[in-house]
Amino acid sequence: MAAPAALQRSVVSPAGRHTASLIFLHGSGDTGQGARTWIKQILNQDMAFQHIKVIYPTAPARYLVAPEFARPYTPMKGAFSTVWFDRYKISNDCPEHIESIDSMCRGLTDLINDEIKNGIAKNRILIGGFSMGGGMAMHLAYRFHQDLAGVFALSSFLNKDSAVYQALKRNESVLPELFQCHGTADELVLYSWGEETNKMLKSLGVSTSLHTFPNLNHELSRTEIEKLKTWIVKKLPVEAAKINE
């Protein structure tokens with residue numbers, strides 16, 4: 001199957017010299033612009049950095065097989081919605097729709113390669129996202145791009161028999177660090193699913209952190225985003241300008 005067409009994206013340019021990139025994947029039914037706007041409303045400004053370009057791509061519209069995707073927590077009322085991959089149901093105890101996951105991994109690899117062509121080293125690129133976006137990021141990084149700077153997953157999970165776990169059982173290289181956040185009151189993606197994902201990845205050699213937010217439902221909070229920003233700058237510090245520049 002061919003890779004999807006180039007993804008639409010909303011971009012927050014760095015204030016200074018561009019030396020690193022961050023790819024933020026939205027949740028199911030949202031768009032890149034929607035995720036950027038949501039974060040901007042929470043922070044009262046864009047999530048922006050002196051040296052890091054922030055890219056919010058939009059998933060292609062896809063036909064869904066899962067009836068749960070009509071849940072009122074998102075604007076998804078019809079058969080088509082912007083999702084990174086298909087699901088049989090919203091549960092951690094069912095098979096993954098691996099064909100749609102792998103197809104999207106190819107499309108997102110093109111996005112990573114665009115940044116590399118722009119002169120950004122692969123170990124200066126972070127990827128992550130909210131909900132399904134975080135799940136997509138874990139598949140992309142831990143199965144296909146283990147030399148990225150790091151991965152973040154906000155209110156996200158992997159299925160019990162995820163292809164990610166199978167890939168890491170055969171892995172011997174150093175893996176990207178995982179920064180995870182999850183609300184204990186999440187009724188859609190249960191906190192226990194995120195916790196189990198964290199424990200499994202840690203047992204397979206991933207350096208992980210799990211930040212717990214009491215009373216937070218399936219949403220983002222200001223404290224969470226501020227913690228994420230601190231971690232991003234730690235993983236992608238400002239580089240000194242080269243002498244010949």
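Helix 1 (residues 32–43) and helix 6 (residues 222–235) have axes that come within 9 Å and cross at roughly 105 degrees. Helix 1 is therefore roughly perpendicular to helix 6, a label that covers angles of 65 to 115 degrees. Axes are lines fitted to C-alpha atoms, for helices over the stretch in contact, with angles running from 0 to 180 degrees between N-to-C directions. On helix 1 the contact (heavy atoms within 4.5 Å) is made by Ile39, Ile42 and Leu43, and on helix 6 by Arg222, Ile225, Glu226 and Lys229.

The model is predicted: local features need pLDDT of at least 70, side-chain atom pairs count only at pLDDT 80 or more, and totals for chains, interfaces and linings use all residues. Residues are numbered from 1 along each chain as its sequence is written, and side-chain values use heavy atoms, with hydrogens and water left out.

The chain contains six helices and nine strands, taken as DSSP runs (H or I, at least four residues, for helices; E, at least two, for strands) and numbered from the N terminus. Of its 245 residues, 56% are buried, that is, under 20% relative accessible area with a 1.4 Å probe, protein chains only. Among contacts with a separation of 6 or more, 75% join residues 24 or more positions apart.

The largest nonpolar core has 36 residues, of which Trp84, Leu108, Met136, Tyr142 and Leu201 touch the most other members. Such a core is a set of buried Ala, Val, Leu, Ile, Met, Phe, Trp, Tyr and Cys residues joined through side-chain atoms within 4.5 Å. Elements that each supply at least two residues of this core include strand 2 (20–25), helix 2 (98–117) and helix 4 (163–169). Helix 3 gives the most, with seven residues. Beyond its neighbours within four places in sequence, Leu201 is in contact with Met138, Leu158, Val164, Tyr165, Leu168, Leu178, Val206 and Thr208. Another core, of 28 residues, lies apart from this one and has Leu22, Ile42, Phe179 and Ile232 among its members.

Ala59 is placed in the loop between strand 3 (52–57) and strand 4 (61–63). With 3% relative accessibility, Ala59 counts as buried. Residues up to four places away in sequence aside, Ala59 touches His26, Thr82, Val83 and Trp84. Ala59 and Gly107, 48 residues apart in sequence, are 9.5 Å apart in space, C-alpha to C-alpha.

Zero disulfides are present in the structure, a disulfide being a pair of cysteine sulfur atoms within 2.5 Å. Cys94 counts as buried at 14% relative accessibility, and Cys181 is buried with a relative accessible area of 0%.

Conventions: Buried < 20%, exposed > 50% of the residue type's maximum accessible area, 1.4 Å probe, protein only. Parallel < 35°, antiparallel > 145°, perpendicular 65-115°, else oblique.
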